[in-house]
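Good morning, colleagues. Please turn to the model on the screen, and I shall take you through its architecture in a few minutes.

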Amino acid sequence: MSSKESSRLGRGLDSLFGQENVTKILDDIENNNEGQEQLMLPVDQIRPNPYQPRKVFDKDALQELSESIQQHGVFTPILVKKSISGYELVTGERRLRASKMAGLDTIPAILVDFDDQQMMEIALLENVQREDLNIIEEAKAYDQLIKRLNYTQEQLAHRIGKSREHITNTLRLLKLPEDVQNYVVAKQLSMGHVRALLGLKDEDMMRKVARQAIAQGMSVRKVEQLVKSINGKKVEKSKEPSLFVKEAKKQLEEYFQTSVSISQHSVSIHYENEDDLNRLLDKLGLIEK
């Protein structure tokens with residue numbers, strides 16, 4: 001690694017975050033603007049970045065890239081770091097996958113010296129800045145950074161140049177059932193659809209409404225109205241007293257010969273005037289004879 005690169009990367013991620021664009025810096029390295037030595041590495045000795053947040057790769061786009069590599073080779077080297085056995089990929093997973101599909105035995109690479117924290121943050125930031133992640137992958141990446149690096153949401157927002165509100169709203173998507181998250185990944189439901197679903201407390205109801213929204217091609221507004229309707233019915237249902245409460249109310253009213261109301265953790269007995277109150281106190285055995 002050149003002294004220029006060591007100086008730039010040796011400061012940790014301060015050189016990759018803040019005002020500078022991580023994709024611009026990584027592109028400079030990959031395009032050899034930093035003067036690093038290129039290596040030809042066996043593709044079977046390179047493991048994927050374990051912190052890669054991107055899980056979905058467009059098959060058609062990969063096939064197209066593979067065919068281009070078959071004809072012209074790999075123009076831009078991938079970035080790797082040395083591991084105990086072989087190498088770990090830092091950036092360039094699409095190029096590595098497409099090279100394997102094209103039947104290449106080796107691939108041009110540049111060796112860099114990143115630690116695990118740097119690899120994790122770079123993997124997230126590169127994909128976020130290039131808008132390569134779907135919203136669920138983005139949420140899982142944020143969650144991983146918060147848990148593994150002990151970031152607060154405020155710190156993470158500052159680190160990646162997003163608003164605190166964006167971080168909070170994105171992380172809420174992880175409260176959705178896994179199969180509903182997959183509808184978002186498959187682009188069957190939008191961010192607006194599933195944000196409305198989060199208004200439901202029951203996961204089975206979330207699944208039911210999600211399937212209904214897909215089957216009927218419902219708009220975000222329609223889903224919001226449906227969720228509001230469902231929640232309204234639940235509130236009305238919860239106000240209906242149980243048979244036990246109804247029977248207790250009936251017996252108390254018969255005993256005290258006045259109206260009685262029973263709410264959560266309380267019983268109220270109605271009286272008309274002081275004479276009526278004395279009558280009730282006498283019934284309760286609270287007036288000395």
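I shall begin with the conventions, then turn to the sheet, the cores and a few individual residues.

This is a predicted model, in which local features need pLDDT of at least 70 and side-chain atom pairs count only at pLDDT 80 or more, while totals for chains, interfaces and linings use all residues. Residues are numbered from 1 along each chain as its sequence is written, and side-chain values use heavy atoms, with hydrogens and water left out.

Let me start with the overall composition. The protein chain holds 14 helices and 7 strands; helices (H or I, at least four residues) and strands (E, at least two) are DSSP runs, numbered from the N terminus. Of the 289 residues in the protein chain, 39% are buried. Here, buried means under 20% relative accessible area, exposed means over 50%, and partly exposed is in between, with a 1.4 Å probe and protein chains only. Among contacts (heavy atoms within 4.5 Å) between residues at least 6 apart in sequence, 67% join residues at least 24 apart.

I turn now to the sheet. In what order do the strands of the open sheet stand? The order of its 5 strands is β1-β5-β3-β4-β2, with mixed pairing; two strands pair if DSSP finds at least two bridges between them. At the edges stand β1 and β2 (46-47), each with a single partner strand, so one side of each is left without a neighbour in the sheet.

We can walk across the sheet from β1. Strand β1 (residues 38-42) pairs with β5 (residues 106-111) in the antiparallel sense, over 5 bridges, and Gln38 stands opposite Ile110 in β5. Strand β3 (residues 78-82) runs parallel to β5, joined to it by 3 bridges, with Leu111 in β5 as the bridge partner of Val80. Next, β3 and β4 run antiparallel and share 4 bridges; Leu79 has Thr91 in β4 as its bridge partner. The hairpin of these two strands has 4 residues between them, and Gly86 in that hairpin takes a positive phi near 85°. Finally, β2 and β4 (residues 87-91) run parallel, with 2 bridges. Ile46 has Tyr87 as its bridge partner in β4, and Arg47 stands opposite Glu88.

At 27% relative accessibility, Leu39 counts as partly exposed. Leaving aside residues up to four places away in sequence, Leu39 touches Ile107, Pro108, Ala109 and Leu111. The C-alpha atoms of Leu39 and Leu111 are separated by 7.7 Å, although the two residues are 72 apart along the chain.

Helix α4 (residues 93-101) lies across β2, β3, β4 and β5, running at about 125° to β4. Such axes are lines fitted to C-alpha atoms, for helices over the stretch in contact, and angles run from 0 to 180 degrees between N-to-C directions. The buried residues of α4 are Glu93, Arg95, Leu96, Ala98 and Ser99. After α4 comes Gly103, with a positive phi near 85°.

Next, the cores. A nonpolar core is a set of buried Ala, Val, Leu, Ile, Met, Phe, Trp, Tyr and Cys residues joined through side-chain atoms within 4.5 Å. The largest has 23 residues, and those with the most contacts inside it include Val90, Leu124 and Tyr142. Helices α5 (116-129), α6 (135-149), α7 (153-160) and α8 (164-172) each supply at least two of its residues. Domain 1 (18-115) and domain 2 (130-174) both contribute to this core, so it lies between them; the domain bounds come from an automatic or database domain assignment. A second, separate core of 21 residues includes Leu176, Val180, Ala210 and Met218.

His193 lies in helix α10 (residues 191-197) and is buried, with a relative accessible area of 12%.

I close with the aromatic rings. The structure holds 1 aromatic pair. The rings of Tyr255 and Phe256 have their centres 4.9 Å apart and their planes at 85°, so the pair is edge-to-face. Rings of Phe, Tyr and Trp (its six-membered ring) pair if their centres lie within 6.5 Å; planes under 30 degrees apart count as stacked, over 60 as edge-to-face and the rest as tilted. Tyr255 is partly exposed at 42% relative accessibility, whereas Phe256 is buried at 4%.
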